[in-house]
Amino acid sequence: MKDKIQIMKKEALEKLEACNSLKELQDIKVLFLGKKGKTHEIANEIKSLDSSQKKEAGMLLNEFKNYFNELFEKTQKRLEKEELDKKLKEETIDITLPGTKVNVGTTHPLTMIIDEIEELFVSMGYDVVEGPEIESDLYNFEKLNIPKDHPARDMQDSFYITNEMLLRTQTSPVQARVMDANLEKGPIRIICPGKVYRKDDDDMTHSHQFTQIEGLVIDEKISIAHLKGTLEVFAKKIFGENREIRFRPSFFPFTEPSLEVDVSCFKCGGSGCPICKYTGWIEILGAGMVHPNVLRACGYDPEKYSGFAFGMGPERIAMLKYCINDIRHFYTNHIHFLNNFDRIERDDMNESK
Ligand code: DAH
């Protein structure tokens, strides 16, 4: 019996030393200590021994069990450590690998220009007002002194939805809406940015949908000098400190007089270059003194109140400022085009620090 236990001890040691998984370790335990295991078998054999041998054999078997348990624990610790080491190795992060590039969006160039213009006018005390893109004939035309048979309607070929409703062709109707809605008929100082629509064929300088910013100031004794001063501040802010503006006579049904406003070329300073087509001047917006008919149609007394208005196209201003040669770039969302403005935005942010 002694030899048998000795052999079992040797076998257990070999098996536990060679064991290399926790699952296998459990199997070894069952093999030796399990209900039908080797120690159980030996215990049965011991039962049939005579009492003098029984005691010694019993002690040896207990000794084996202690020996096995001790070894089992050691092996278990070894295997647990090995498994942990393996897992840590597998899950190690290689911090020298290049990272995944995260693409961060940027402000759209048109939004950049509109924000910049809004900020300027807000700093001068203007409110920003928006109006509906689906507009009535009344506000888009009639109240702005453009009656049904007026030739100016041809200039603004429109998307009509019904006989009376259309996609607005300009942001000027917001002027009429704000004047109408002002029950006190007191002073107004607003700019109105928004989308407008015209039945134009899309090309480098035309788009069936584009944006406009309308400006309107109404008060007592407003003169063309106020308009000039305001637009000068605007031109210097957007195109640079040394800019000058000039007025040319024009025609819009809702203003009298009407003016076309040019800014001195920001590229050549006025000496002539391809951007200003060698004239030294660049046309940037339309403006004028609010027509008495418009004031009257919106409930204002033209004897008491006067005002100026202007309308500009942010696309044109952005195209000039950022040398963009095709209006369609603003709407096609090409990432290479848009990425250029990431840099401009960052430069602007650094400058303002
Ligand atoms: N609404 C005009 C257009 O779409 C632009 C404009 C010109 C607006 C003169 C004005 C203005 O308020 O005074 O062409």
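With which residue does R177 form a salt bridge, and how far apart are the closest N and O atoms?

Mentor: The partner of R177 is E135, and the closest N and O atoms of this salt bridge are 2.7 Å apart. The pair ties together distant parts of the chain: R177 sits in helix α8 (residues 173-181), E135 in strand β2 (residues 134-136), and 42 residues separate them. R177 is partly exposed, at 30% relative accessible area. E135, in contrast, is buried, at 1%. Salt bridges with shared partners also join R246, R248, D262 and E283 into one network.

Some ground rules. This is a predicted model, in which local features need pLDDT of at least 70 and side-chain atom pairs count only at pLDDT 80 or more, while totals for chains, interfaces and linings use all residues. Residues are numbered from 1 along each chain as its sequence is written, and side-chain values use heavy atoms, with hydrogens and water left out. A salt bridge here puts a side-chain nitrogen of Lys or Arg within 4 Å of a carboxyl oxygen of Asp or Glu. Buried means under 20% relative accessible area, exposed means over 50%, and partly exposed lies in between (1.4 Å probe, protein chains only). Helices (H or I, at least four residues) and strands (E, at least two) are DSSP runs, numbered from the N terminus.

The whole structure holds 16 salt bridges. Two of them belong to helix α4. There, E82 and R78 meet at 3.3 Å, N to O. These two residues lie four apart in α4 (residues 51-90), about one turn of the helix. E82 is partly exposed at 38%, and R78 is partly exposed at 30%. K81 and D85 make another salt bridge, at 3.2 Å, N to O. K81 and D85 are also separated by about one helical turn, because they are four residues apart in α4. K81 is exposed at 54%; D85 is partly exposed at 38%.

Now the domains. The chain is divided into domain 1 (2-90) and domain 2 (109-352), with bounds from an automatic or database domain assignment. Their C-alpha centres lie 92 Å apart.

Next, the sheet. Seven strands form an open sheet in the order β1-β4-β5-β9-β8-β7-β6, with mixed pairing. At the edges stand β1 (127-128) and β6 (245-250); each has a single partner strand, so one side of each lacks a neighbour in the sheet. Two strands count as paired if DSSP finds at least two bridges between them. Strand β6 pairs with β7 (residues 255-264) in the antiparallel sense, over six bridges. A hairpin of four residues joins β6 to β7. I245 stands opposite V263 in β7. Eight bridges then join β7 to β8, again antiparallel. S264 has W281 in β8 as its bridge partner. Strands β8 (residues 281-290) and β9 (residues 305-312) are antiparallel too, over five bridges. Here M289 faces F308 in β9, and A287 faces F310 in β9. Eight of the 10 residues of β8 are buried, so β8 is largely enclosed by the rest of the structure.

With a disulfide taken as a pair of cysteine sulfur atoms within 2.5 Å, the count is zero. The sulfur of C323 has its closest cysteine sulfur in C273, 9.3 Å away, which is too far for a bond. C19 is buried, at 1% relative accessibility.

Last, the surface. I134, I161 and M165 make a nonpolar patch of about 260 Å². Patch residues have over 30% relative accessible area and no salt bridge; like charges are joined within 9 Å, nonpolar side chains (Val, Leu, Ile, Met, Phe, Trp, Tyr) within 5 Å. The areas come from the Shrake-Rupley method with a 1.4 Å probe, and for residues only the protein chains shown count as cover. M165 lies in strand β3 (residues 165-167) and is partly exposed, at 30%.
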